[in-house]
Amino acid sequence: MSQDARNEIRAFITAKFPRMTFTDEQDIFALGFVNSLFAMELVMFIEKAFGTRIPNEELNLDNFRTVARMADLVRRQQSAATAR
Amino acid sequence: MTFVGVVGAGVMGTGVAQNLAQSGHSVVLVDNDPDALDRAVTRIELDCRMSRMLGGPEVDPAAVLSLIATGTSLGLLAETEVVIENITESWELKSALYPKLDAACKAGTVFVVNTSAIPITKIASLTSRPDKVMGVHFMNPVPMKPACEFIPGYHTSEQTKDTVRALLESMGKKPIPVNDASGFVSNRVLMLTVNEAAFLVHEGVADAETVDEVFRSCFGHPMGPLETADLIGVDTILYSVEVLYEQFNDSKYRPCPLLKKMTDAGLHGRKSGKGFYTYAG
């Protein structure tokens, strides 16, 4: 699941910035292509694509810096939903 | 606390309503399109949730929304102390609205015109209260921007300036005084820059991403002109350039045909999901 999440997130970013090359661990905000407003799009995308609502305490820029961290965030939300 | 009417629930009106409510003012947001009002509420909720992540304060969406009433009738503005108008940047639409606002509001209500390029004195002439009409050019996204242009019209009274200045300061905005002329300072320069950047794309000199990269990487701008166009709204850029052209009758303000085509095609930028770039949503 985590790999699927990574792929989906990566596809979303690549569709928007086709020329940006980045690894799953690289800070996309540090590469100079995206600004913090893109973070809002990432939140909207993740909530829609993975059917989750990210709680306020997780709405932290650090959770959106890399593909890996975003996939971890998705996994946490999904396991929290399963636990409920 | 001031009771403020906000007219127009587009990108700017939504931001203004949110900023006012976050500052503890009571707001009535009016738009003739109920769908626009629904979108505004959704947008405000999302923006409040994101506030801390984007470097702002922690904001409780429920508390902010509890201060904002919405509706489609100008009659809701009757008792407001200040009305901030943010409808589409078009003389035709604004000139139709102001006499109606004048009739709907009590005599003491101050009108704030949020415009990119239309002269304030010209708008004040549409009302019976030119001394109570003031221009403010807010920047987008409104709740995050620390300053705005502050533009008195020819007849604007000192009392009106004081009222609007105090309201802006309570919203965390520094008002920068500028004299009344089409486009003020910001848009005389910015709209032409964006228009010329659109010409570069139109002529195939560079694609949008390259144009923006030059501004970001070479000039250190946080955003390039075409990302900015998508943020402001491609349609709003076109209307503003058209207003400048109309006001100065100078061919340097001729709008780029690409802006016209994109506007006609509905490629209005972030708010429509596609402009020079494509967005999620």
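Student: Which domains does the domain assignment give chain B?

Tutor: The bounds come from an automatic or database domain assignment. In this predicted model, residues are numbered from 1 along each chain as its sequence is written, and local features need pLDDT of at least 70, side-chain atom pairs pLDDT 80 or more, while totals for chains, interfaces and linings use all residues. Chains are lettered from A and ligands numbered from 1 in the order in which they are written. For chain B the assignment gives domain 1 (3-177) and domain 2 (188-272).

Student: How many residues of domain 1 of chain B are in contact with domain 2 of chain B?

Tutor: Contact means C-beta atoms, placed from the backbone, within 7 Å. The C-alpha centres of the two domains lie 25 Å apart. Domain 2 of chain B brings 10 residues to the contact, and domain 1 of chain B brings nine.

Student: Which helix gives the most to the side of chain B that touches chain A?

Tutor: The contact takes 17 residues from chain A and 15 from chain B. Helices are DSSP runs (H or I, at least four residues), and strands are E runs of at least two, numbered from the N terminus. Both α2 (34-50) and α8 (208-219) of chain B supply at least two residues. With three residues, the top giver is α8(B).

Terms used: Contact = placed C-beta atoms within 7 Å.
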